[in-house]
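Let's go through the terms used for this fold and check each against its definition. Here is the model to look at.

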Amino acid sequence: MKNTILLLFCSIIFCSCGSTPEIEGFSKEAWANDIKGCNNHRGDLVKLLLENKESLKGVSDKNLFKLLGKPDMQRYYERGKKSYLYFYEPGDQCDDASGQKNGKRIAFEVNSLGVVVLITEEIR
């Protein structure tokens, strides 16, 4: 039991010590100014994120938020897993409509320790 607690504590400390990833050509300001992807300016930035997804895996959710800001949507799963979703194309999310035609989005799957483990593009 002590070993499990020590391992969990070390994992949390290790994950929280990481730094915000640097992606050449990525503009945090341009990303932040295109709220929910409604201005259609995030598309090229998403390409950069997908091209650099291996360097984003293992990043803590706190450092992900430093790079991309608060997610547009979140999904929660069992055992502490979650997904953070960021829209990059206009859709119903821009009109606050409850329709099913939300724009394209990028999803960051995070494990129970708050570490990015998978990055996918979701097209509806």
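Q: What makes Gly-114 stand out in the hairpin of β3 and β4?
A: Gly-114 takes a positive phi near 80° there, in a hairpin with five residues between the strands. Strands here are DSSP runs (E, at least two residues; helices are H or I, at least four), numbered from the N terminus. Keep in mind that this is a predicted model: local features need pLDDT of at least 70, side-chain atom pairs count only at pLDDT 80 or more, and totals for chains, interfaces and linings use all residues. Residues are numbered from 1 along each chain as its sequence is written, and side-chain values use heavy atoms, with hydrogens and water left out.

Q: How do you know that β3 and β4 count as paired?
A: Pairing asks for at least two bridges found by DSSP, and six bridges join β3 (residues 105-110) to β4, running antiparallel. Ala-107 stands opposite Thr-120 in β4, and Val-110 opposite Val-116.

Q: Why are β1 and β4 called edge strands?
A: The open sheet has the order β1-β2-β3-β4, with antiparallel pairing. β1 (73-76) and β4 (116-122) each have a single partner strand, so one side of each lacks a neighbour in the sheet.

Q: What makes β3 largely enclosed?
A: Buried means under 20% relative accessible area (exposed is over 50%, partly exposed in between; 1.4 Å probe, protein chains only). Five of the six residues of β3 are buried, so the rest of the structure largely encloses this strand.

Q: How many bridges link β2 and β3?
A: Six, in the antiparallel sense; Ser-83 stands opposite Glu-109 in β3.
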